[in-house]
Each structure stands twice: as C-alpha cells, then as structure tokens.
Amino acid sequence: MIQRIQTVYLFVVILLGAVLPFWVNLWSDSGGNEIFARDEVWISLVFYGSSILALIAILLFKNRKNQFVVNRLNIILNLFLLGFFVYRSLNLSGEALVSEKGIGMLIPVFSIVFLVLANRAIKKDEDLVKSVDRLR
C-alpha cells in the first residue's frame, strides 16, 4: 500500500539524494572553495541513482519482496558513496584537497538510516500478511 510509513521513509531518501546534496557543501578544499555534488559529475549521478532507486521502491508497493531487494541495493550504493567520502577525507595528508568536511558527507548515513527503517516497515507488513494467511 502506498500510504504506509515506508513510503514516507523512502520519500525522505529521495529528498536527501536529489535535493540536499546540491544545497549543502560536501567539503571545502585548501583554497576555501566549497565543493557541492554538482561540481563532481559522478557524485551527483550516484546521488540521483539513490533517489531513483528509492522512487522505484515506492512504485513497487505491490511487491514487497522486490521493494525490500531494491532498498538493499540502495543501501549498498549509499555505503559505497560513504566509503568514498571517508577515503577522500582521510587519505589525503596535509590538507591537499579536502580541507574542511561539510555536512553533505553525512547524507549517505542519513539515507542508510531511513532505508533501514523502510526495510523494517516492509518486513513488518510482510509478516502481518503471512500471519493473516495462516489464519485462513
């Protein structure tokens, strides 16, 4: 059902991936320039990909198992993006490229949290349907 709580969680993931990375900076370089997602093409593509996967999961409301799988793929995508951000911020010594970390580096963490909450709600719905089927 489209009016379930997992739809709200997935809509928040869409907002986090499609809107927020372009308003808040990901990091600042040594020259003081703020780097946004629109400055790095593949980072913006990964954020858009995460939003598209969340939208696909919303549209798969009739098939909860596929919705669960799409959410897991989205979690993996966000983990790769988070790993890249951690690698980018910790690998460079002497503040060569990443001078100051921005709040935008935490967007994949928040997306993962909301995707896990959505998966829990999907699992709860699936268990409820299975318990009703047992009673018939």
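Is Arg4 buried, partly exposed or exposed? Arg4 is partly exposed, with a relative accessible area of 32% (buried means under 20%, exposed over 50%, partly exposed in between; 1.4 Å probe, protein chains only).

## Basis of the model

This is a predicted model, in which local features need pLDDT of at least 70 and side-chain atom pairs count only at pLDDT 80 or more, while totals for chains, interfaces and linings use all residues. Residues are numbered from 1 along each chain as its sequence is written, and side-chain values use heavy atoms, with hydrogens and water left out.

## Salt bridges

The structure holds three salt bridges (a side-chain nitrogen of Lys or Arg within 4 Å of a carboxyl oxygen of Asp or Glu). Arg4 pairs with Asp125, the closest N and O atoms being 2.8 Å apart. This pair links distant parts of the chain, 121 residues apart: Arg4 is in the segment before helix 1 and Asp125 in helix 4 (residues 107-135). Helices are DSSP runs (H or I, at least four residues), numbered from the N terminus. Asp125 is buried, at 10% relative accessible area.

Glu126 forms a salt bridge with Arg64, again with the closest N and O atoms 2.8 Å apart. Glu126 belongs to helix 4 and Arg64 to helix 3 (residues 64-91), so the pair ties together parts that are 62 residues apart in sequence. Glu126 is buried, at 16%, whereas Arg64 is partly exposed, at 21%.

## A pair within helix 4

Asp127 and Lys123 meet in a salt bridge (3.4 Å, N to O). Both residues lie in helix 4, four residues apart, about one turn of the helix. Asp127 is partly exposed, at 36%, and Lys123 is partly exposed, at 45%.

Key
Helices (H or I, at least four residues) and strands (E, at least two) are DSSP runs, numbered from the N terminus.
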